[in-house]
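Subject: Structure handover

Hi,

Here is the structure I promised to pass on. Please open it alongside this note. My findings follow below.

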Amino acid sequence: MNVLDGRRFLGLLAREGFVEASSPEEAGLILLNTCSVRDKAEQKVYDRIGRLAKLKRDHPGTVLGVCGCVAQQEGESLLERLPHVDFVLGTGRIEALPSILRRVEEEGDRPCETGFDLDEVVYTPGAIARAVPHRAAITVIEGCNKNCTFCVVPRTRGRERNRRLRDVVNEAHRLIDEGALEIELLGQTVNAFRDPETGADLADLLHAVGALPGLRRLRFVTSHPRNFSRRLVAAMAETPAVVPALHLPVQSGSDAVLRRMKRQYARAEYLDLVAQLRDAIPGLALSTDVIVAFPGETADDFAATLSLLEEVRFAGVFSFTYSPRPQTAALRWEHDITPPEASERLARLEALQQDIQRELNRALEGQTLEVLVEGLDRKRRFSSGRSRCNRVVNIAGESALPPGTLVNVQIERGFPNSLLGRTQEQEREQETDKDSANGYPGDRQTLPDPGAARPLGISSNSF
Ligand code: SF4
């Protein structure tokens, strides 16, 4: 959602006649779109603002605005502490950017806008500078009514506000006309979506968007296990465009920790939901978020998380050590796990998960997967994209496929974080000339993982 917010800023500014500068030194306006989901991200913001103080001294006419979650969280106090910041704009006030700029430029004001509209998402679909035409994210719900005890999001994104189903469908329709093959529906708890007029839910929305001609892939993120209904499972299974990939944050495998986190489900309920989903959607790739070393997490609690990972066998896990956040319940609790202990637990969990992913990805060797090309791989050798099950797939011997191309790729190698294969056309060429090996010859043991260090999963607003 932060990435989409960045595109919203660019779109609104383009309407005002702004163009992107190639460096901060050249810019007349600098916006920092900030994240406060973990302490480290927040500290990076302050480092960056500190470095921009010098630039402001050298270029006094440059306007510097702090936007996003840190802006929402800190509000006026940012302006008090940081005299070189010209304005603060919270997550619920993005559309106010043009008027804020006028106040700064014409009235010499230092505004701070951080409120939320109570009932609905304020959103101008036409004013989003989309990065690529073939893949588009659409906000359907913003904010969160849960109060997980570790999470600052309800403070930085406010309470749930929904868009109307027909507005989302119209936006999806327009994006497909403009070339979108894949649409991702976004919300902090996207499966809590309810049309404010009709009460339609995410299952209805999947049916409606999934029926639009030309759409090849439909996904949604982030789901809360508590809001997953049987209707929604059925809608996923019945809608061909819905991809067999789902991000379903679990956070811990221990009931005691889940209770302290106020996650509103128990381990057995989560596992039941996984079984229902896998029954309904063959080949479903699940990814999740895990917090390690939450206050009070015992060795047994941690072992329960490891055993849950072994039981579910996620295709991807975003794992972090617990990060205390302002204005959260857990901040006040005694935290008796030392940083080295927390890091050691995280390393064990990551090692286990890498083994699971290696096994799951090797099991895909020999299969043919449809890949939506995104660009080149990290070493810029091969065209690279995502399968419907959201795996990174690098295409050996192929480096000129334009982003947005859909190709069928026969998987030859499975690595922990990516797959490697060839298009079917290449396969045929190879069969007619076995000697002209055109890409990745070699030995399984010594090959590097071309997708290593690239996150496998989808971007997530939880952690
Ligand atoms: S973790 Fe997710 S569900 Fe819980 S409060 Fe944060 S955004 Fe809401």
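This is a predicted model: local features need pLDDT of at least 70, side-chain atom pairs count only at pLDDT 80 or more; totals for chains, interfaces and linings use all residues.

A hairpin of four residues links strand E16 to strand E17. E16 covers residues 406-414, and E17 covers residues 419-423. The two strands run antiparallel and are joined by five bridges. Glycine 414 sits opposite leucine 419 in E17.

E16 also pairs with strand E13, residues 368-376. That pairing is antiparallel too, over five bridges. Here glutamate 370 faces asparagine 408 in E16.

Next, the parallel sheet. Four strands make an open sheet, in the order E1-E2-E3-E4, with parallel pairing. Strand E1 (29-34) and strand E4 (112-113) are at the edges. Each has a single partner strand, so one side of each has no neighbour in the sheet. E4 pairs with strand E3, residues 87-89, through two bridges in the parallel sense. Valine 88 is opposite cysteine 112 in E4.

Two helices pack on this sheet, H2 and H5. Helix H2 (residues 39-58) touches E1 and strand E2 (63-67). The direction of H2 makes about 170 degrees with that of E1. Helix H5 (residues 97-107) touches E2, E3 and E4. The direction of H5 makes about 170 degrees with that of E3.

Now a helix pair. Helix H9 (residues 230-238) packs with helix H11 (residues 267-280). Their axes lie 9 Å apart, at an angle of about 25 degrees. Angles under 35 degrees count as roughly parallel, and H9 and H11 are therefore roughly parallel to each other. Their crossing is right-handed. Which residues of H9 and H11 meet? From H9 come Val233, Ala234, Met236 and Ala237. From H11 come Gln276, Leu277 and Ala280. Of the residues in this contact, six are nonpolar, one is polar and none is charged.

Last, confidence. The protein chain has a mean pLDDT of 90, and 92% of its residues reach 70 or more. Over residues 435-448, however, pLDDT is below 50. That stretch has 10 contacts in the model beyond near neighbours in sequence. Residues 450-463 also stay under 50 in pLDDT. For residues 450-463 the model has 50 contacts beyond four places in sequence.

Best wishes

Definitions and conventions
Residues are numbered from 1 along each chain as its sequence is written. Axes are lines fitted to C-alpha atoms, for helices over the stretch in contact, and angles run from 0 to 180 degrees between N-to-C directions. Angles under 35 degrees count as roughly parallel, over 145 as roughly antiparallel, 65 to 115 as roughly perpendicular and the rest as oblique. A crossing is left-handed if the near helix is turned anticlockwise from the far one by less than a right angle, and right-handed if clockwise. Two residues are in contact if their C-beta atoms, placed from the backbone, lie within 7 Å. Ala, Val, Leu, Ile, Met, Phe, Trp, Tyr, Cys and Pro count as nonpolar, Asp, Glu, Lys and Arg as charged, and the others, Gly among them, as polar. Two strands pair if DSSP finds at least two bridges between them. pLDDT is the predictor's confidence in each residue, from 0 to 100.
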